[in-house]
Amino acid sequence: MDVPCDVVEAGLWDDLAEEAGRCRRHAVVRHNQRPGLLVMRDGSITSPQRCTVHPGGAALKELALSKSLAEIVGEATGQARMTPIRFGFKFYGPGNFMHVHRDDRKCDITFSCGLREGLAPMGWLPRLRWLTSDQVAERLADALFPTRGDAFPILSRQLTGFDGRRIPHWRTPLGPVSREVLITICFADLSA
Ligand SMILES: O=C(O)CCC(=O)C(=O)O
Ligand SMILES: [Fe+2]
């Protein structure tokens, strides 16, 4: 689902871009080197990735906790109390990547957007949504960036939500001069 543009004011996007710039130099490296797809007890699938991450500051908090965003997310998912349980900036530099995986079980919906123009699409396999994680791991054991996948555009300053806990998705390695900044926000229904 796409979040309507007017849910986030233009000024906040500028603040986010500036905040990301400040956070970049304090971001920590996330480098999982364990090869292969590992099915976790919560049903998520972890796999190798390399990037740097930062939990953000006041601007990202304002976006993640904004009432208007929570309302849209609640409406889209049919769940009353959607709460952002995890959010942050992701910085991808040259050669950084994320192999195919399934997000944390707690994430009812994962939102992503870029802060720079021209971000390459993510890859995803929506048709594998209903397979078990064991089935997915077996099927994709030799396809860390599945070539049969579809492109999932991640636009700049346009939040898009997807079922990252069920749909296997990935980001292929960035080129030698590429640098990207993404925002990810994961919402969970805490009313149950
Ligand atoms: O790089 C992306 O676009 C997706 C990031 C992602 O899937 C994640 O952080 O779990
Ligand atoms: Fe993910």
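## Residue classes and basis of the model

Ala, Val, Leu, Ile, Met, Phe, Trp, Tyr, Cys and Pro count here as nonpolar, Asp, Glu, Lys and Arg as charged, and the others, Gly among them, as polar. By this division, the shell around ligand 1 holds 4 nonpolar, 4 polar and 3 charged residues.

The model is predicted: local features need pLDDT of at least 70 and side-chain atom pairs count only at pLDDT 80 or more, whereas totals for chains, interfaces and linings use all residues. Residues are numbered from 1 along each chain as its sequence is written, while chains are lettered from A and ligands numbered from 1 in the order in which they are written.

## Overall form

The protein has 4 helices and 12 strands; helices (H or I, at least four residues) and strands (E, at least two) are DSSP runs, numbered from the N terminus. Its C-alpha atoms fill a box of roughly 45 × 45 × 25 Å along the principal axes. The radius of gyration is 16 Å, which agrees with the value near 16 Å for a compact globule of 192 residues. This radius is taken over C-alpha atoms, and the globule rule is 2.2 Å times the number of residues to the power 0.38.

Buried residues make up 35% of the 192 residues. A residue is buried if 20 or more other C-beta atoms lie within 10 Å of its own, exposed if 12 or fewer, and partly exposed in between, with C-beta atoms placed from the backbone. Of the contacts between residues at least 6 apart in sequence, 87% join residues at least 24 apart; a contact requires C-beta atoms, placed from the backbone, within 7 Å.

## Nonpolar core

The largest nonpolar core comprises 42 residues, and those with the most contacts inside it are Leu16, Leu60, Leu63, Phe89, Ile183 and Phe187. Strand S12 (residues 180-189) supplies the largest share of this core, 7 residues. Such a core is a set of buried Ala, Val, Leu, Ile, Met, Phe, Trp, Tyr and Cys residues joined through C-beta atoms within 7 Å.

Leaving aside neighbours within four places in sequence, Phe89 is in contact with residues including Ala20, Cys23, Leu60, Val181 and Ile183.

## Ligand shell

Which residues surround ligand 1? They are Lys90, Met98, Asp103, Ser112, Met122, Ile154, Gly164, His169, Arg171, Leu182 and Thr184. Strand S11 (169-171) and S12 are the elements that give two or more residues to this shell. Membership requires a C-beta atom, placed from the backbone, within 6 Å of the molecule.

Leu182 is 165 residues from Ala17 in sequence, yet their C-alpha atoms are 9.9 Å apart in space. Ala17 lies in helix H1 (residues 10-24) and counts as partly exposed because it has 15 C-beta neighbours inside 10 Å.

## Strand S1

Strand S1 (residues 28-32) is hardly covered, as the count of buried residues among its 5 residues is 0. S1 runs antiparallel to strand S4 (residues 49-54), to which 5 bridges join it; strands pair if DSSP finds at least two bridges between them. Val29 stands opposite Thr52 in S4.

## Loop residues

Gly95 occupies the loop between strand S5 (82-92) and strand S6 (97-101). Gly95 is exposed because 11 other C-beta atoms lie within 10 Å. Not counting residues up to four places away in sequence, Gly95 touches Pro173 and Leu174.

Arg157 is in the loop between strand S9 (150-152) and strand S10 (160-162). Its phi is near 55°, a positive value in a residue other than glycine. Arg157 counts as partly exposed because it has 18 C-beta neighbours inside 10 Å.

Terms used
Two residues are in contact if their C-beta atoms, placed from the backbone, lie within 7 Å.
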